[in-house]
Amino acid sequence: MTSSMTPEKIPFVDLQQQYQSIKGDVDAAIAAVLQRGDFILGGDVAKFEEEFAAFCGVSHCLGVANGTDALKLALEACGIGPGDEVITTAHTYIATALAISQCGATPVLVDCEPDFFLIDVSKIEAAITPKTKAILPVHLYGQSADMDPILDIAKRHKLVVVEDACQAHGATYKGKKVGSLGDIAAFSFYPGKNLGAYGDGGAITTNNAELADKIKLLRNYGQRVKYEHLVKGGNSRLDTVQAAVLRVKLRHLADWNLGRANGATMYGKALAGTTLKLPRIAPYGTHVFHLYVVRTKDRAGLMAALDAAGSQHGIHYPIPIHRQVAMADLGYGPGSFPVAEEVAPEILSLPMFPELTQAQVDRVAAACQGF
Ligand SMILES: *Cc1c(COP(=O)(O)O)cnc(C)c1O
């Protein structure tokens, strides 16, 4: 690249490039749905559910409208509602907590740990009260929470475990895929996720046939047979067009996750000499790098250096759940979750997508070295 040319911007994610690589299959899959006209709970939905269940290593998968609904319906299917408490992490996307509120229950927060930014399992038991019904661990940034101690606590206190797997499609914990570890799990297919639709989408996975059956009713007006409504369900279905897109993309997910892991390895080498604290992979599993999150005391400086180098960046997330205005009613004051509060102003997400090149990594790294 000569100095007279402006280098191309480095996007945070590159969905257009990915579309070009699968355009033929995606266009054909969408055209087939339009031709058949089975737009609602059509053939591709059932086939995608089967294929995604197999991918996760579970017996049941139900497509729903988005990841937030997936969490909400999973909680509802477990019988969680008003008066109940659900334990989750203070360091997550707001949707995790909103889904708990939406089903009428109260989110009870626990701090994250400083190494992987995942729920601090050593602090879960102290948060349990007689009202606690579930633990909702989040597999944040692309790696699993430490599930064995969580499942052990849940068993001893007779709690349900609902996984928020919205950022970790394909990640493993001790050889098992996320989505197969708790009683039930929620996935998002928001376009930027590791498996993303071309619009909103979500899914619930479980090995429990009874829970799967409840989800089937809850997502479709509470009906098994048309116009016979057994429970007060709602409308939260995965569109057939999106399922058709997801079936095409699912065939590439394992490769794309490897591309992300490769990008993380490249970053690891290129950033080794910098002052940045780099992401760590927990010894118990694999990381699918939905996000590549570094930590620095001078985030403003790092952002300015990346801006100058033409690289996009993000913050996931700048405000912990308990400091959000919408969650003020939970009654947590500043200082309630010191690790989450210490981490929030120091984290920055670098560009991460499966097609990330060495040249792009080198440009980002040069900016990180110079700042
Ligand atoms: C994306 C996401 C959600 C919500 O998914 P939507 O499809 O956007 O509703 C929930 N939890 C986490 C951790 C997420 O990253």
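**Figure 1. Residue classes in the shell around the ligand.** The shell around the ligand is made up of four nonpolar, seven polar and two charged residues. The model shown here and in the other views is predicted. Of the 13 residues around the ligand, those that come nearest are G67, T68, D164, S188 and K193.

**Figure 2. Polar side-chain atoms of D164, S188 and K193 at the ligand.** D164 places a polar side-chain atom 2.8 Å from a nitrogen atom of the ligand. The ligand taken alone exposes 380 Å², and 93% of that is buried by the protein.

Figure 3. Two elements, α3 (67-77) and α4 (94-102), each give two or more residues to the shell around the ligand.

**Figure 4. The aromatic pair of F48 and F189.** The structure holds twelve aromatic pairs. In the pair of F48 and F189, the ring centres are 5.4 Å apart and the planes stand at 85 degrees, so the pair is edge-to-face; the cut-off for this class is over 60 degrees. The pair links distant parts of the chain, its two residues being 141 residues apart. F48 belongs to helix α2 (residues 43-56), whereas F189 is in the loop between β8 (184-188) and β9 (202-206).

**Figure 5. The cis peptide bond between H316 and Y317.** H316 and Y317 are joined by a cis peptide bond with omega of about 10 degrees. Y317 is in the loop between α8 (299-308) and α9 (338-343).

**Figure 6. Backbone of F117, with positive phi.** F117 is a residue other than glycine, and its phi has a positive value, near 65 degrees. F117 is placed in the loop between β3 (106-110) and β4 (132-135).

Note on methods: Residues numbered from 1 in each chain as written. Predicted model: local features only at pLDDT ≥ 70, side-chain atom pairs only at ≥ 80, totals over all residues. Heavy atoms only, no water. Near = heavy atom within 4 Å. Polar contact = N/O pair within 3.5 Å; in protein donor to acceptor, adjacent residues only side chain to side chain. Areas by Shrake-Rupley, 256 points an atom, 1.4 Å probe, with all protein chains shown as cover. Helix = DSSP H or I, 4+ residues; strand = E, 2+ residues; numbered from the N terminus. Nonpolar A, V, L, I, M, F, W, Y, C, P; charged D, E, K, R; others polar. Phe/Tyr/Trp six-rings, centres within 6.5 Å; stacked < 30°, edge-to-face > 60°.
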